[in-house]
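Hello,

Here is the structure we talked about passing on. Please open it first, then read my notes below.

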Amino acid sequence: MASGALSVKDFLDKAKLVSYGFFGLLILLLILFFSAPYLLVSKADPKKSDALVLEAIETGKKDKFKQAAALWKKGLAPVIVILHSPPNQDSDLGLVGDPTASLQTYLASLGVDETKILVYTVEAGPQEFPKTLLKIALDRQWKTFLLIGKEYDSATLLKLYRNVLEPAGIYIAVSKVSEGIGSWDWFTKPKSLESILGRLSKHLYLILLGN
């Protein structure tokens, strides 16, 4: 046998290593796939805070505003802070005219005292919301916030805001709005599958970036 030839035993050993690596990676991906909803849902406990926080962007849904109004009525926070980025035609908030007045009017229609609604327009876009909230917190000396977010966005939102707020000693949690997506059967419905996998990709990307 030539000295450079690979013996049958060596070939089988290498094949085993490759197969173990392949199946190990496959099992890891399957675990990640089926645990996606649990990775995306925040575990931070909501508690009484200095302010409730709402993001009003083109994907800002009315159900988040309804939950904020309900929590305000329960006394979880004395004021509601709305971080506003100008919406596009896909918004379901129904804003007409001045966005600040419209947002205040809409929440007031849900039973919130209009004087307890603070609207901050962030022209730079939603990516600047955490920094804007930090400025608000430092200016008003607030230490705790309760952000209203969709259930399967909650862990990602918490990560984004905590990276900015926690170094300043500010606590934030997320009150989760149900999306009607089951944690056990989400992968059986095309729309749910696409939505969860897209959000999981964003969440993992932030982790890889160190955010």
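Where is serine 85 found? Serine 85 is in the loop between S2 and helix H4 (99–109). Helices (H or I, at least four residues) and strands (E, at least two) are DSSP runs, numbered from the N terminus.

Two points on how to read this. This is a predicted model, where local features need pLDDT of at least 70 and side-chain atom pairs count only at pLDDT 80 or more, while totals for chains, interfaces and linings use all residues. Residues are numbered from 1 along each chain as its sequence is written, and side-chain values use heavy atoms, with hydrogens and water left out.

Serine 85 counts as buried because its relative accessibility is 7%. Buried means under 20% relative accessible area, exposed over 50%, and partly exposed in between (1.4 Å probe, protein chains only). Leaving aside residues up to four places away in sequence, serine 85 touches Ala56, Ile57, Val122, Gly125, Pro126 and Phe129. Contact here means heavy atoms within 4.5 Å.

Now the whole chain. The chain has seven helices and five strands. Their order along the sequence is α-α-β-α-β-α-β-α-β-α-β-α. Of the 211 residues, 37% are buried. Take the contacts between residues at least 6 apart in sequence: 80% of them join residues at least 24 apart.

Next, H5. Phe129, which serine 85 touches, is one of the buried residues of H5. The buried residues of H5 pack against strand S1 (51–56), strand S2 (80–84), strand S3 (117–121), S4, H6 and strand S5 (171–177). Just after H5, glutamine 141 has a positive phi of about 60°.

Last, the largest pocket. The space in it is about 600 Å³. A pocket is an open set of points on a 1 Å grid over the protein atoms alone, where a 1.4 Å probe fits, with protein on both sides within 12 Å along at least five of seven lines; lining residues have an atom within 4 Å of a point. The largest pocket is lined by 23 residues, and Glu55, Asp153, Leu157, Leu160 and Lys202 are the closest to its centre. Helix H5 (129–140), strand S4 (144–150), helix H6 (154–165) and helix H7 (190–209) each give two or more residues to this lining. H6 gives the most, with five.

Best wishes

Definitions and conventions. Grid points are joined across faces, edges and corners, and a volume is the space filled by probe spheres set on the points.
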